[in-house]
Amino acid sequence: MKILVCISHVPDTTSKINFTDGDTKFDTNGVQFVINPNDEFGLTRAMWFKEKQGASVHVANVGGPETEPTLRKALAIGADEAIRVNTVATDGYSVAKQLANVVKEGGYDLVIGGRESIDYNGGMVPGMIAKLTGANFVNTCIGLEVDGSTATAVREIDGGKETLKTELPLVIGGQKGLVEESDLRIPNMRGIMQARSKPLHVKEPIDAAAETQTASFEKPAPKGAVKLVDNVDELVNLLHNEAKVI
Amino acid sequence: MSVLVYAESENGKFKKIAHEAVSYAKGIADMMGTQVTAVTINAGDTSELGNYGASKVLEIANDGLSSFDAEGYADAVAHAAKNEGAEVVVLTSSADGKFMAPLVAVNLEAGYVPNVTELPSSTAPFKVKHSVYTNKAFSHTEINTATKVVGLAKNAYGVKENATSAASESFAPSINKGNVEVVSVDKATDKVTIADAEIVVSGGRGLKGPENWGLIEDLAQTLGAATACSKPVSDMGWRPHSEHVGQTGKPVASTLYIAIGISGAIQHLAGINSSKVKVVINNDPEAPFFKAADYGIVGDAFEVVPQLTEKLKAFKAQNA
């Protein structure tokens, strides 16, 4: 089984979010970038397929050279090869077209993406790759088993979960639950050393214009101070008369 | 030209988010000087959609779509969009809505923007505001394609009554079903889901153990609220993962969010920030959650929560 894990290069969760150039660009100053958390759960599940079922695991992203440390980290965790499509990731649709091209050329059986990236929260790339390559698609995937060409996936739905049966080729939008938080791996020294000599292919982009473009960013208005109350009578009164939510 | 909205239903009944999505579609249609067509799949009586501004309803009745199938549902919506020559397609941010949206977008070769919080600031160019960086910022984004797909964030625009008489007609396109088959569904039917809830009551490590969750459940039941929990609580197995809210869990956009014994890590706050009113009950006055809250009580959850439940019961009885 050939697996491609799509890796989004995103600001660490605890980063301060600021914008520059008249609020048109994300301010990367002092920001630490990481593997998108939803993708990391998928990458860890891919390692399980590699170790238990002999799958080969490639990782790919769309981005400039500055995203390579994130791909190297994925290699250090255990992926075999990495592919970087050398163009700036602007909107989800164009990223999906680039990755769909990687998928077609590589002949992958299983493509694992994250439910959404924590920067743009687009949640569209895995579904679009599936549609563009004619693969089956399961979103918000919290469990995945593959037996031959048949896959059993568990999907989180509003208020519960459902179990689905489908066939490879398959694309999933994964999240926590594919593996648990405690299963996530921190690259060890041996992995980091090996990652240096693993192939990282730089691929030139295909022609895929962005369908959407950010005109400007805006930060939410600062919140007023919390109103501390001493007793529940006052709280219920405020929720009813002031906030009008009960 | 028109605005098409997919009105989501469950067991023949429209969800509140369907009313909200139709209201929003009507807002866009008014800006563009056109009308709203709603498309429904295996819904019952669709006349209520007129109350929120739909002029026309395309009713799809199809046994092959009795359980949700993203590919099939997306194909149905795309057929309806083509049938209507829709310039804008409005979807929701439910689990199903977000599952089908990218498929609809590719099918229509349309640019797609999810988590939209307001009406477009202009329709030519088509520019919408949506939340990004997990609720820490907004982006004003232009969609350049002829057809545009937008996913409306929950509880952002609100339900707006706008009485229009809706003419319904049956619509039976030939649907391209997917190859993903539902084997089983595990869903608590007697509980309010986090996705649908107006009020969410959430517990954290401060509750000390799963045996104390009766406190949370009693309060939730009194309020008709959904129960939720913080990440450590789900990681320790005190509560199921489906209740975990936060960045890697479920997003919450309720009207009222009550956090009990949750310190307020940045990952948790990211997931619940779009809730309108936040109440924090915590015995640690330094808990970071107080900075993000609207109302707070510094106190022991084991004392405060039962008092609050009793008080709310009395309040409900009085206002019933």
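Start in chain B with helix α4, residues 214-223, where B:L215, B:I216, B:L219, B:A220 and B:L223 are buried (20 or more other C-beta atoms within 10 Å of a residue's own, C-beta atoms being placed from the backbone). These residues lie on the same side of α4(B), because they cover an arc of only 125 degrees around the axis (taken from the directions from the helix axis to the C-beta atoms). Helices (H or I, at least four residues) and strands (E, at least two) are DSSP runs, numbered from the N terminus.

This is a predicted model: local features need pLDDT of at least 70, side-chain atom pairs count only at pLDDT 80 or more, and totals for chains, interfaces and linings use all residues. Residues are numbered from 1 along each chain as its sequence is written, and chains are lettered from A in the order in which they are written.

Next, select β14 (199-203), β15 (226-229), β16 (256-260) and α8 (301-319) of chain B. The buried residues of α4(B) pack against these elements (contact: C-beta atoms, placed from the backbone, within 7 Å). Then step just past α4(B) to B:G224, which takes a positive phi of about 65 degrees.

Now show both chains. Chain A gives 59 residues to the contact and chain B gives 70 residues. On chain A, β11(A) supplies the largest share, eight residues.

Finish at β14(A). Six bridges join β14(A) to strand β10 (residues 137-143) of chain B, and the two run antiparallel (strands pair if DSSP finds at least two bridges between them). Select A:S216: its bridge partner in β10(B) is B:H140.

Technical notes:
Contact = placed C-beta atoms within 7 Å. Buried ≥ 20, exposed ≤ 12 C-beta atoms within 10 Å, placed from the backbone.
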